[in-house]
Amino acid sequence: MYQRILIAVDGSDTSYLALDHAVQLAQHQQARLRIVHVVELFKNSLTMLDGAAFDATPLWQALREEGRQTLSVAEAKARSSEV
């Protein structure tokens, strides 16, 4: 019997299908569900662009906001199923 389930979402249809499966499994097993979204750390590749300095801060902020929105959608799906 599962007590805890970890599921990663990236906003794709496939990840939301996996989330649906994890929610069903959590319901069946009466398990806790932890939903995560990962923003890949590639800061070093963005700090230099053709030898010129590049401020990646706006990009990081956009990626984090997109992640928050993805997690909000996932959380709403889980809560609507009472998980």
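Predicted model: local features only at pLDDT ≥ 70, side-chain atom pairs only at ≥ 80, totals over all residues.
Residues are numbered from 1 along each chain as its sequence is written, and side-chain values use heavy atoms, with hydrogens and water left out.

**Exercise 1: the core**

Find which residues make up the largest nonpolar core, and which helix gives the most to this core.

*Solution.* Start with the term: a nonpolar core is a set of buried Ala, Val, Leu, Ile, Met, Phe, Trp, Tyr and Cys residues joined through side-chain atoms within 4.5 Å. Buried means under 20% relative accessible area, exposed over 50%, and partly exposed in between (1.4 Å probe, protein chains only).

Next, list the members. There are 11 residues: I5, I7, V9, Y16, L19, A22, V23, A26, A31, A74 and A78.

Then sort out where they come from. Helices (H or I, at least four residues) and strands (E, at least two) are DSSP runs, numbered from the N terminus. Strand 1 (4-8), helix 1 (13-29) and helix 3 (57-80) each supply at least two core residues. Helix 1 comes out on top, giving 5 residues.

**Exercise 2: helix 3 on its own**

Work out how the span of helix 3 compares with the expected one, and which of its residues are buried.

*Solution.* Take the span to begin with. The expected value is 1.5 Å times one less than the number of residues.

Now go for the buried residues: W60, G67, T70, A74 and A78. Zoom in on T70, which counts as buried because its relative accessibility is 7%. Contact means heavy atoms within 4.5 Å. Leaving aside neighbours within four places in sequence, T70 is in contact with V9, D10, G11, Y16 and H37.

For contrast, look at R79, also in helix 3. R79 has a relative accessible area of 57%, so R79 is exposed.

**Exercise 3: two helices together**

Describe how helix 1 and helix 3 pack, and say which residues meet.

*Solution.* Two packed helices are described by the angle between their axes and the distance between the axes. Axes are lines fitted to C-alpha atoms, for helices over the stretch in contact, and angles run from 0 to 180 degrees between N-to-C directions. Here the angle is about 35° and the axes are 10 Å apart.

Now the residues. From helix 1 you get Y16, L19, D20 and V23, and they meet T70, V73, A74, K77 and A78 from helix 3. Sorted by class, that contact has 6 nonpolar, 1 polar and 2 charged residues. (Ala, Val, Leu, Ile, Met, Phe, Trp, Tyr, Cys and Pro count as nonpolar, Asp, Glu, Lys and Arg as charged, and the others, Gly among them, as polar.)

**Exercise 4: positive phi**

What is the phi of Q30, what is the phi of E82, and where do Q30 and E82 lie?

*Solution.* Most residues other than glycine have a negative phi. Q30 is not a glycine, yet its phi is positive, about 55°. Q30 sits in the loop between helix 1 and strand 2 (32-36). With a relative accessible area of 72%, Q30 is exposed.

E82 isn't a glycine either, and its phi is positive at about 60°. E82 is in the segment after helix 3. Its relative accessible area is 75%, so E82 is exposed.
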